[in-house]
Amino acid sequence: MKKVKIKEFKADLFLLSVAIAWGVTFLMVQDAVKNVPVYSFLFYRFLIATVLMLVISKNRFSNINMKNVSYGIFLGSILFFAFASQTFGLTHTQSSIVAFITGFNVIFVPFLAYILFKDVVRKNVLIASFVALFGLYLLTMSGTLNFKIGEFLSLICAFLFALHIVFTGKFSTKEDVFLIVSFQFLTVTILSLLFSLYLEDITFNVNFDLIFLKAVLVTSIFATVYAFLIQTYSQQFTTPTKTAIIFTMEPLSASFYGVFVGNEILTSVQIIGAVLIIIATLMSEIKLKKSTKTHYQKEIDIIS
């Protein structure tokens, strides 16, 4: 029992490191895409990540089968279209609004987990999801929330990210994690290339300046290879809902990184939002009563 709980706690800490990695690299990506189209940037980011993952996974190629290939393609497709809808959303509304609505995945995850797999989430974890969303609202919102095309696309993005988290949790326990991630990256690379060639003019003629090279290398290694490999591995030992709550720490880490590096200033309301996100993350770790279940995922009861 204790060993199982320790594994779950370690997995949650690893997921927290993923959220921090994404948050810290946010400013780098923001600077890079000022001069390089988004899909071109994604293409190079995931191309490098794919090559790195194939090198890391070379000794596992004998384990390639239709399941881990199809799981990777499925997750990669969801991930790419989540990025795509978010990107188009940013062209129609403010980034703060997109960030907040994308955070709705923390609410979508428990409901999708129940609808798709009949997973029931503990009450305190469900409450923590709403606390995290409210904290995210206070931290990120700086505009007027309407429901137009930008908001609609952001909502689709949130739904897709929620799907990605839920299915990652299921697939990670069934097949080789390294191969799933490899084929996931390959899928995003191919789709990014196709979208870039169709929508952009400089796919193979981007300006390889220091800002771009720094951003693409750092995000490829830390925000892609490390992040998605750790996410896929860690979700074997924790639940999708807790994963979504922990990932709300991404904008929090981005905000604090902006304060220390970008000389940004957090308002008192944003600080309250940050505190609520931290409280929600801690709430998701606390059990209100002892469970008699024997599975490692104590927060989920499988309805038979």
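**Entry 1: K242 and its partners**

I looked up K242 in this predicted model and found that K242 forms a salt bridge with E8, with the closest N and O atoms 2.9 Å apart. K242 belongs to helix 11 (residues 240-247) and E8 to helix 1, so this pair ties together parts that are 234 residues apart in sequence. I noted that both K242 and E8 are buried.

Which residues are linked in a network of salt bridges? I wrote down K5, E8, D12 and K242.

**Entry 2: another salt bridge**

The structure holds five salt bridges, and I looked up one of them between the side chains of D119 and K170, which meet at 3.0 Å, N to O. D119 is in strand 1 and K170 in helix 8 (residues 149-171), so that this pair, too, links distant parts of the chain, 51 residues apart. D119 counts as buried, because its relative accessibility is 2%.

**Entry 3: K118**

K118 has a positive phi of about 60° although it is not a glycine. I set this beside the general rule that most residues other than glycine have a negative phi. K118 is partly exposed, with a relative accessible area of 39%.

**Entry 4: helix packing**

How do helix 1 and helix 12 lie relative to each other? I found that the axes of helix 1 and helix 12 (residues 249-261) come within 7 Å and cross at roughly 45°, and the two helices are therefore oblique to each other. The crossing of helix 1 and helix 12 is right-handed.

For helix 3 and helix 9 (residues 177-199) I noted an angle of about 155°, with the axes 8 Å apart. Because angles over 145 degrees count as roughly antiparallel, helix 3 and helix 9 are described as roughly antiparallel to each other. Helix 3 passes helix 9 in a left-handed crossing.

**Entry 5: a nonpolar patch on the surface**

I looked for nonpolar side chains on the surface and found a patch formed by F14, L52, I56, I221, F222 and Y226, which together have about 510 Å² of accessible area. The elements that give two or more residues to this patch are helix 3 (38-56) and helix 10 (210-234), and helix 10 gives the most, with three residues. F14 lies in helix 1 (residues 2-24), and I recorded F14 as partly exposed, because its relative accessibility is 37%.

**Entry 6: F26**

Last, I looked up F26, whose place is in helix 2 (residues 26-32). Is F26 buried or partly exposed? F26 has a relative accessible area of 42% and is therefore partly exposed. I also noted that F26 and E250, although 224 residues apart in sequence, are 9.1 Å apart in space, C-alpha to C-alpha.

Conventions. Residues numbered from 1 in each chain as written. Predicted model: local features only at pLDDT ≥ 70, side-chain atom pairs only at ≥ 80, totals over all residues. Heavy atoms only, no water. Patch = residues over 30% accessible without salt bridge, like charges linked within 9 Å, V, L, I, M, F, W, Y side chains within 5 Å. Areas by Shrake-Rupley, 256 points an atom, 1.4 Å probe, with all protein chains shown as cover. Salt bridge = Lys/Arg side-chain N within 4 Å of Asp/Glu carboxyl O. Helix = DSSP H or I, 4+ residues; strand = E, 2+ residues; numbered from the N terminus. Buried < 20%, exposed > 50% of the residue type's maximum accessible area, 1.4 Å probe, protein only. Axes fitted to C-alpha atoms, helices over the stretch in contact; angles between N-to-C directions. Parallel < 35°, antiparallel > 145°, perpendicular 65-115°, else oblique. Left-handed = near helix turned anticlockwise from the far one by under 90°.
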